[in-house]
Amino acid sequence: MSQVAEAAPARAEDGAAYDVLRLRSLTKEFASVTAVKSLYLGVPTVGVFLLVGPSGCGKTTTLRMVAGLETPTSGSIELGGQDITWTKPYRC
């Protein structure tokens, strides 16, 4: 069994930790349509987080990639400091 080193949470200017979920340059393309283009996102460890936007802007596609139901075209998804970009949903 391998051990994964825990990364220290990044801190914003207000001291909030952003280590729970990080999306780095996340992109998803379907044939000739780019649903999500180079998304960078840090989700705080505390509080409430909302993902809002107009219809067709990529909210559902982003959440499906985080859940492991869609494979990103490029970029990475980190959960708790561990890269889960290619991890199957039943492994998280």
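**Entry 1: β1 and β3.** I began with strand β3 (residues 74-79), which is joined to β1 by 5 bridges, the two strands running antiparallel. The model I am reading is a predicted one. Within this pairing I looked up R24 and found S76 of β3 as its bridge partner.

**Entry 2: β1 and β2.** I then turned to the pairing of β1 (residues 21-30) with β2 (residues 33-43), which is antiparallel and comprises 7 bridges. Which residues of β2 stand opposite R22 and K28? I located G42 opposite R22 and V36 opposite K28.

Entry 3: I next traced the strand order and read β2-β1-β3-β4, an open sheet of 4 strands with antiparallel pairing. At the edges I recorded β2 and β4 (82-83), each of which pairs on one side only. I also examined helix α1 (residues 59-67), which packs on this sheet and touches β1, β2 and β3. I noted an angle of about 115° between the direction of α1 and that of β1.

**Entry 4: the nonpolar core.** Which residues make up the largest nonpolar core? I listed 9: L21, L23, L26, A35, V36, V43, M65, I77 and I84. Strands β1 and β2 each contribute at least two residues to this core.

Terms used:
Residues numbered from 1 in each chain as written. Predicted model: local features only at pLDDT ≥ 70, side-chain atom pairs only at ≥ 80, totals over all residues. Heavy atoms only, no water. Pairing = 2+ DSSP bridges. Core = buried A, V, L, I, M, F, W, Y, C linked by side-chain atoms within 4.5 Å. Buried < 20%, exposed > 50% of the residue type's maximum accessible area, 1.4 Å probe, protein only. Contact = heavy atoms within 4.5 Å. Axes fitted to C-alpha atoms, helices over the stretch in contact; angles between N-to-C directions.
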